Each structure stands twice: as C-alpha cells, then as structure tokens.
4 protein chains.
Amino acid sequence: MVSKGGEWHGVMPYLVSPIDERGRVKRAVLTDLVEHLIGQGVHGLTPLGSTGEFAYLNRHQKAEIIATVVEAARGRVPVIAGIAATTTGEAVAMAKEAEELGADGILAVLEAYFPIAEDGVADYFEAVAAATPLPVCIYTNPNFQRSDVSIPVLKRLVRSSPTIRYIKDASTNTGRLLSIMTATEGRMKVFAASAHIPVCVMLIGGLGWMAGPACIVAPQSVELYELCRAGKWEEAMEKQRPLWAINQIFAKYGLAACIKGALELQGFDVGPPLAPQAPLDEAGRREVRAALEIVGAI
Amino acid sequence: MVSKGGEWHGVMPYLVSPIDERGRVKRAVLTDLVEHLIGQGVHGLTPLGSTGEFAYLNRHQKAEIIATVVEAARGRVPVIAGIAATTTGEAVAMAKEAEELGADGILAVLEAYFPIAEDGVADYFEAVAAATPLPVCIYTNPNFQRSDVSIPVLKRLVRSSPTIRYIKDASTNTGRLLSIMTATEGRMKVFAASAHIPVCVMLIGGLGWMAGPACIVAPQSVELYELCRAGKWEEAMEKQRPLWAINQIFAKYGLAACIKGALELQGFDVGPPLAPQAPLDEAGRREVRAALEIVGAI
Amino acid sequence: MVSKGGEWHGVMPYLVSPIDERGRVKRAVLTDLVEHLIGQGVHGLTPLGSTGEFAYLNRHQKAEIIATVVEAARGRVPVIAGIAATTTGEAVAMAKEAEELGADGILAVLEAYFPIAEDGVADYFEAVAAATPLPVCIYTNPNFQRSDVSIPVLKRLVRSSPTIRYIKDASTNTGRLLSIMTATEGRMKVFAASAHIPVCVMLIGGLGWMAGPACIVAPQSVELYELCRAGKWEEAMEKQRPLWAINQIFAKYGLAACIKGALELQGFDVGPPLAPQAPLDEAGRREVRAALEIVGAI
Amino acid sequence: MVSKGGEWHGVMPYLVSPIDERGRVKRAVLTDLVEHLIGQGVHGLTPLGSTGEFAYLNRHQKAEIIATVVEAARGRVPVIAGIAATTTGEAVAMAKEAEELGADGILAVLEAYFPIAEDGVADYFEAVAAATPLPVCIYTNPNFQRSDVSIPVLKRLVRSSPTIRYIKDASTNTGRLLSIMTATEGRMKVFAASAHIPVCVMLIGGLGWMAGPACIVAPQSVELYELCRAGKWEEAMEKQRPLWAINQIFAKYGLAACIKGALELQGFDVGPPLAPQAPLDEAGRREVRAALEIVGAI
C-alpha cells in the first residue's frame, strides 16, 4: 500500500486517453486500465501527460479523464493530473479544477507559442503552485514543448514554492538530471521519462519514472524498480536491457499511437490517437508485438 | 470599396486581441481599432493570427473576437478569421463557428505536439476546407508552429480542395514563396508576412500581406501597396526601407507584446499580452516610439 | 570590360573545383571553364566558395586553383578567392597567399568547431582584412557553416576595417540583407547567393550575386542582371521564374554534386565531387537536364 | 600495466594540444603531461579529440602531437590518435600516418560541410578501417560535428569492418549508447564522453570513458573506474557527484579553453586555445579552481 501523503516514488504510468469517435471519454475502458495497473503494483498514475495526449483534448475531456481516474483509483495510489497551458490564468484554473476533482498532485507543463523569458517561466509555475496545496511536479519535454525550464529557474522555484518538489524531465540528457539534483541540493526530486534508462536514473538518485511504456510493461517495470531499490544494480541491468528495446520502439513510432496500439494488442479497447495523428500501422503492430513477447508482456 | 466576393488582396492587418485582467474581450477597444484601420484604407482584417495571440485564448474568447470584428467591419472589408487546432475535430468545429459568426474566410493553422506525417497534414486542411464554403488561407510559421506544410502537400491541396486558394507564409524564406507559386502553377496565391519584405513579395507576384505591423502603420502600408500595384518599384522601395526597420523591431521584441505596446502609444487601450508573456518594457517602448516617429506613425 | 579597381557588381559565378582521382587539380578543365564564363559576360569569378568545395580541399589544392583561375582570367574580370579557416593564423596566411597568387579580392569564411563569441568573430575578420590591402567580402552560410556573423559584428567591421566592404549571405532570409544595408548605412554592400531570388536582392539595393548556378546559366544570369540594372523589373521577373526553378533543384541535390553534374552535361569534364560526397545520380541528371533545357542552357 | 594488445578500457584522457604563439607544438609540456597522467594510472591516451582542438590544427602540427605522445608514452598505455577529415582521401592518409608514427589505434571522425548520405558515411569509415590494421574507435559528437552516425550505419560497420570495434559518443543521450550495444549485439564497445555520467555508462556495460576532464582529475577518475569495475555502484556514485560538477563547468566554458585553463592552474604551461577561441577569463578561472578544490585536484 502506497501512502498518498508521503513522497511519490516508483513506477507511475503515463495513462493514455481513450476517446471514442464522437469525442467522448471511454470511461469504462479507462477504469479497466486503472484497475489492471494497480493490480500489477504500480505506485501512482499520471493522466494527461504527453502519452495522454493532453495537447489534443479540450477542457471538458480533460476534466472527465481526471475524474474517471480518481474514481477508479479509489485512493489506492496517488493520481498526478497533468495540466498544460500557454497562459497563467488557464493553468491556475486547471490546477484548481484538478484539485476539486480529487487529484493528489499536479504535473505542470508550460506550453508556449512565442518565446517566454526566464522570469515569465518561473512566474507561471509559481502561480500554479500557489493555486492549490497539492504537490507539484514540473514536466519538461524539449522535444515536443516549445519552452524549457532552465536550472536557474528550478533553483528559484524550489526556494519560492515549497510544494514544487518534483521534476520529470524527458530530454534524453541524463546528465541534466544529476545537474538538477546538485543545483537544487536535492530539494528537486527527479523522475525519469521514457527517454532515460530507468536504472541509470535510479542509480543517480531518482525516485522512479513516469512514462507511457509503463502502461504495457507494468509488472516488469515494478520488478525493475524493486531491484533498484534493493541495490541489486547488475541484476536490475539485466532486466533493463529488453525493456529499453521497448522504449526505443516507442520513440520510433510516436508515443500515443504506439502505447494505444500496444494496449489494443493487450485487449484494452482504447482506440486510436486523435486525428490527424495516424494510428499504428501493420508493420508497427508487428514490431510492437514482437518486443512485448520478448519481455513476456503479451 | 473592396469586393468581398472577389480575390483577396492588399494590406490585411493581423489584429491584436485586447483582453482585460479578468479575461474578457475589450469589445469597444477592438471596435475602435477596426473602424480606425478601415478608415486608413486597409483591404481586409485578420483576427486570431499569431499577433492575435490565438495560442493564448480559449474558444469563448476567440468566438467573441470574431463576432466583434465582423460586426465592426459591417461588410466593408473581408474578415479572415484564424482557426488553429491540434485535432481535426476541433478545427472543423471552429471553422463552422467562424462561418456562423459571419467571417468571410478562414485562416487555417495546424498546431502539433507530436510530429505529423504528410498525409495527416493534408487530411487536416482538407477537412477544414470541406467544413464550410468559405475560402481558406493556409498559414505557416515554422518559427513558432510545430508543423510545417511542404510543397508536395500544397500541390495536393490545390487539386483536392478548390476553396484552399491562399497561403500566408511567415518563414523568412522569400524564395519558398516563389517556389510555391511555381509548383502550384499559380493556383496557390501568396500573401507575405512580417518576416518578408513586402515589396519583394509583390514583385514576385504576391497579392499583398497579412501582418501585425500593418495595425500601426496602416496608411504607410496602403501607400506602399498602391505603389507596387502601379509598378512604381523603385519609389515603392524608398517607402519600404523605413517600414522594414519597424518589422525588425517587432522581431526583436516579440510580436504581440510589441504591436500591443505600439497601439497603446497610438492611443488604443488594448492592454498587455496575456501572462506569462511580458509586456513591452521601457526600453522597448522608446525604441518603438522612435521607429514610429520616423515613418510619421505617431 | 569590367574595371577591376572599381566596385564589384554583377554575376560572379562560384566556380567548381575540378579534381582528378589522384587529387590533382584539372587545370585545363578549369581554364576552359573560366574562358567560357568570361565569354558569356560574367562580371567576376569566385573560386573556393561552397560550390568550390573549399571544405574538401587541402592548402596545396586551393593555391593551385587560385593560381589557375587568376592566370586564365588574365585580368579581364576580378577574381575573388575564397579563404576559410578555423584559426586566425591559418586565415591570415591564406589571405596573404591569395594576394601573392594574384587574386583581386578575398571572400572570407570563418569555420568553427566550438562556438565562438562575438568578439572572436570580429577579431578574426579584422585580422584577415589587415593581412592584405585587397577588398574583403564576408561570406555567411548558416546552413552549412558552424558560425554566423551578427549585425552588431558587421556594424563593428565596417567601422574598423575599411577594406571589408561586401557581404555575401546565403541564409534564405532576404529581409536580413535589407537589415544589414540599413544597419551599416549602406557601407556593407550586399551580394545574393543561390538561396535568394536575385531580382529581389537587386530591387532592395544589392550589387549582384555570387552563386554556383551562375556557372551553368551564365548568359541567362547576365541578361537578368542587365534588366535589373535598367529598372525593367517586371521583364526581369519573367526571366527570373524559370531560373529560380534551377536554384531549387540545386538545393535539392546538393550544390557541388549538382553544379558539377550539370557542367558535365554541358561538356566540361569537371568530374564528381570529392568522396564521400555522392555524385549526381541518374534521376538527378534527368531533372537537371530538363531544367536546363527549359531555359535554353543545354 | 595495461596490455596494449587487449581490449581498450578505463580512463583515457582526451589530451590538450599545447601550441606556442608561433604555432609550434610545445613538446616538452606535452611530454610532461603524458608522464604525469600515466603516473596517475590512466589506461590510455587520446590525442587530437575535440579537447585536443583537432579542428584547429594543420597536418604538420597533428603529426608532431601524435609523435610526441607516442614517444612519451613509451608503450606503457595505448595511444589512440584522432583523425578527422571531410574527404575519404585525407582520412586514409592521416590514418596511415598515425600508424607510421606508432599510434596503437585510431579515433575516427567524419567532418562535413554539405550533408552526407548514409552510404557515404559508412564508406568513409570503412576506408579508414581498411587503411591500417589498427583498431578503430568511431567518435560522434552531434553538438559540434556536422555529421552523425546512425545505428543502421553502425550495424553495417561492425559487420563489414572487424577492426571497427569501439564507439565514443558525445551526444548527452545515454540511452543511445544502450541502443547501440543492443543493435550491434555487443560487437560495438562503448566509451562515454564528458557529456555522459561515467558511472551510468559503466553500469550499462561501457568500457570506460574518453574525455577532456580526465586530464585534470585523473586519479579521481581512475578511482571511480575501479569502484565501478568492482561493482561498488553506490560508493562509485558518491565519488561521481562532485566529479560531475566539473564536467558541467566545462560544458559551460568551452572544452579546450577550460581544460587548458585548468591545466595552467595545475602548473602545466599548455597555453591558451588557438585564436579566435577565447582563453578562460578570470571568472572562469575562479569557478574552475573552486571545483578542482572540492575534489582535491589542486
């Protein structure tokens, strides 16, 4: 049993967002997925990350997804709800809404169109943190987002906002994670993303990982996490190798399309990504199936 | 008097979006600006472009801005309403809404988070075109948007969708405009953006320009356009030089912040850009004022 | 007859560098090409630009190419020799050598591996200018070079170094050329590259163009230049359209490979680009031939 | 004692290139540095990497540096000589020369100006490998080099060229290293660069690291390596933290300038980087000194 009030840690799948052809959230499918993942031992759930297609959903859909996940989780593991906006006003409103819907924490993204100065970036996250008492995890993904959060801004944030305690960075630059830990004197706790090798991030002091692939290799991920926690680094590394191959396939085919395609193969009727994104094609399905078979996930 | 049904041409300012501290559209200010610009002789109006902060507004605010501009224009010049979305569904809904609100045309943007394949890009614009009988102008801005529209896609679109007739490209690559004209055999008509030198785009066969700076140097822009139309290229070039200096300042300070700041200097109470964007600072105001004085725009 | 001592202007082909399989300069071929181009009316010659594969040749090969071109030109048109280095010392030595070999001017490139601060960039070009009394043209190509020259650096250079009088910019951003003219109050004269539409650069005040494609469409280029000089802008534009299509093909297939391939089609035995660059393949040859036929260049 | 014939492993400093004001190699200084590093227990030496300013030196200087290092090393540790060229011909000549000068292996870089197709990239490295019987390490640094080596090309190379057995990748993307190991079924052995956390690369199966900072923290690096080899991962991680801070400073100030500046602080008269690169300034020197003091390296 994971303490919701304690420090977040472990395997926290980035949930997909199952949407039907008319734009309605498929609540039953999402509920099944949540039940399945908790049964597999995951330590938390993060709806509305990149894999959750936050950039493709409207406010109403997002609220319904948070509500569904909170309800399905029934307090067994923390639910960290993604919020992403270009304006401070919209971000604050979404953070308050997530709290009202019962989320246990906020995963905060700054979207941008025009470049934003460092002060504006810090102001945005401070306003989100001030909007609710929930713990906040900053999420940076320089491959897809048009803003990044510099280390000086992170140093400012850990001092100004005691609830900003976590960062999930999807940059592929693992050294940046260690630099963040050092620069914030450990006050900014770090989660890996699917762009980092989890066992490396655990070794340097990370708390776990938030990642789409954990939806489809949950028990394998939990086992890897436990080996790391037990300090069995070389045994963990042997489990890591085939799991990393899975992360690489997803980088190749596009995150939402691939995780949704893989979940379909595993029997979850989550549907395709939202158009004009393309669903996983036949070649992709074959490659995903083969990778899942290697790790015993299908 | 501009014929609304004919081919678009000339100076079409990208309107700013005046929003008050509580997020409400400042309708009176926007109405005044529209009246002023039509009085200066502009040939059309484009609300909800980049300068119009489309990426920072919600659906309700956008609808109100379109309605306000349509009402204020009273059919004197065409109103080309910007729509921008990451999903086809949202884009189609916004295009229909713009038509219902009385817009004369659609300025269509594809936003993206994950990369989109060429087919998906074309599908998106074809769906927008099919949603209404209004003429469509594609808007590409590779500096700020996470998708671009390739020349092969444009060739497909002019064949598949007769209402897709215009492109406004903000790439800084003027040669790309000439390549588009050639590749589409002239069926894709071209408007310049503030990143191109208007007199050059006119010389190569462009119809005019859609740009934020035209809000603040409208009569000078109209005069430049008329000289180009009359084939007085060298005289046009002499007018062009100081106007180009204005475009360069706006590239330096950020479009929305600068055009809003300049309009404030000219007496329009449009307010600052939406947070966390920073308003024009004192040094910026001085530089903008100096540039406007040189061309007699203040 | 072009005065060598006067201001450079007009069509200045970027010459290819014909090298045989054993690495020797094919002097006879290069001499023939020079004679041919002067006969077609070009206004100058620029060996060792991008098209001239400066980045693929050693010091000995470069010296032999400059010597060959100077000798073949026999003072009929100015020869502007490319020099490119990562160190100030090497650049200075190459500039002196070019002068000794009889070049009429220097085309100066700063190569880089690590990023260089603005002051270092300016120091480099000042040292080149101080090394010889020859006029200097700065050459910037942000697509291929790892350094760029900012407008503040150009402003410093026109003040500090009276012989730095020209810039050839290959950025595709035509507006940048106009900004350079304004910022340097006209003291930095501008040449276009194949990435710009020549007629546009002439209209904004450019002196001409330095470009690889001028090797293979020399008379057409000279005719275009003369129309621009005569102020016949619309007539020039009609000549410009098919010539632009040629520039676009070269962007597609790679400059050195394409110009060398096209010259082979025209009967000059210049050979392939240096390995591991690939020569023009069969499809490329067909496309180049078709484009040349349209403008009557084959 | 390291077996020169066996598999390379361990800490292999990227040596700086001490050059005096007249462009001459400071042989005595370089000899002292080699003696010092071997005394500290390093496992190999790599002259003419990025830190060695290969991009700033001419052929004669490079040959003299290789000769000096080989002579100073006296066979105690392997000397892996960097070669870098844009043409296959130059690379082959340099590889042969390195062999003649007594190098034990080749560190091969492909420089580029125009983009190179995958086949050309593979051809280049195959030609280098065929030129000598020495083992070859491919070096990729996407931050500074204009070409990269894709995983499919690496798969081709390990099959076609048995002497291409190592890769040193400076991409910051640690996951890429694991992907390379998997894709080549372990036949391509991996060295870290200063952009990766060494302890992470060791955990995933790397052989060691080739990096500029190892010049100035050699005993600390060797100690870290030994802890990794002994499987004492958490102890290694504690040594890693302050050493990583040093790598970060060097990313901030520029590799050659910083390593040379730090070596000057440690008493080696290596001089500044070659102009127009700037030497470490006073603030940089203070920051470097402080970081060295923390790890006891000054």
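Two strands are taken as paired where DSSP finds at least two bridges between them. In the predicted model described here, β1(A) meets this criterion with strand β7 of chain A, residues 208-211, the two pairing in the parallel sense over four bridges. Within this pair, Met12(A) lies opposite Met210(A) of β7(A).

The pair belongs to an open sheet of seven strands in chain A, ordered β1-β7-β6-β5-β4-β3-β2 and parallel in its pairing. The edge positions are held by β1 (10-13) and β2 (80-85) of chain A; each has a single partner strand, so one side of each is left without a neighbour in the sheet. From one strand to the next, the twist averages 30 degrees. The phi angle of Arg74(A) is near 50 degrees, a positive value in a residue other than glycine.

Chain B likewise contains an open sheet of seven strands, with parallel pairing and the order β1-β7-β6-β5-β4-β3-β2. Here β1 (10-13) and β2 (80-85) of chain B stand at the edges with a single partner strand each, so that one side of each has no neighbour in the sheet. Averaged over this sheet and with direction ignored, neighbouring strands are turned by 30 degrees against each other. Among the strand pairs of chain B is that of β4 (residues 136-140) with β5 (residues 164-169), which run in the parallel sense and are joined by five bridges. In this pair Val136(B) is placed opposite Ile164(B) of β5(B). Helix α3 of chain B, residues 88-100, lies across β2 and β3 (105-110) of that chain and runs at about 160 degrees to β2(B).

Two packed helices are described by the angle between their axes and the distance between the axes. In chain B, helix α1 (residues 27-39) packs on helix α2 (residues 59-73) at an angle of about 45 degrees, and the axes are 9 Å apart. The two helices α1(B) and α2(B) are therefore oblique to each other, and the crossing of α1(B) past α2(B) is right-handed. On the α1(B) side the contact involves Arg27(B), Leu30(B), Thr31(B), Val34(B), Glu35(B) and Ile38(B), which meet Glu64(B), Ile65(B), Ala67(B), Thr68(B), Val69(B), Glu71(B), Ala72(B) and Ala73(B) of α2(B). Classified by residue type, the contact of α1(B) with α2(B) comprises eight nonpolar, two polar and four charged residues.

In chain C, the axes of helix α1 (residues 27-39) and helix α2 (residues 59-73) come within 9 Å and cross at roughly 45 degrees. This angle makes α1(C) oblique to α2(C), and their crossing is right-handed. Residues of α1(C) in the contact include Leu30(C), Val34(C) and Ile38(C), while those of α2(C) include Ile65(C), Val69(C) and Ala72(C). The contact of α1(C) with α2(C) contains eight nonpolar, two polar and four charged residues.

Interfaces between chains were then considered. The size of an interface is often given as the accessible area lost when the parts come together. Between chain B and chain A about 2,400 Å² is buried, with 63% of this area on carbon and sulfur atoms. In chain B, the residues losing the most area to chain A are Tyr113(B), Phe114(B) and Pro276(B), which together account for 34% of what that side buries.

The contact between chain C and chain D takes 28 residues from chain C and 28 residues from chain D. These chains bury about 2,400 Å² between them, of which 63% comes from carbon and sulfur atoms. Of the area that chain C buries against chain D, 34% is supplied by Tyr113(C), Phe114(C) and Pro276(C), more than by any other three residues. The loop between α10 (255-265) and α11 (282-294) of chain C holds Pro276(C), and the bond from Ala275(C) to Pro276(C) is a cis peptide with omega near 10 degrees.

Other chain pairs lack such contacts. Chain A and chain C are not joined by any contact, their closest C-alpha atoms lying 20 Å apart. No contact joins chain B and chain D, and the closest C-alpha atoms of these two chains are 20 Å apart.

Notes
Residues numbered from 1 in each chain as written. Chains lettered and ligands numbered in written order. Predicted model: local features only at pLDDT ≥ 70, side-chain atom pairs only at ≥ 80, totals over all residues. Heavy atoms only, no water. Axes fitted to C-alpha atoms, helices over the stretch in contact; angles between N-to-C directions. Parallel < 35°, antiparallel > 145°, perpendicular 65-115°, else oblique. Left-handed = near helix turned anticlockwise from the far one by under 90°. Contact = heavy atoms within 4.5 Å. Nonpolar A, V, L, I, M, F, W, Y, C, P; charged D, E, K, R; others polar. Buried area = accessible area lost by both parts, 1.4 Å probe.
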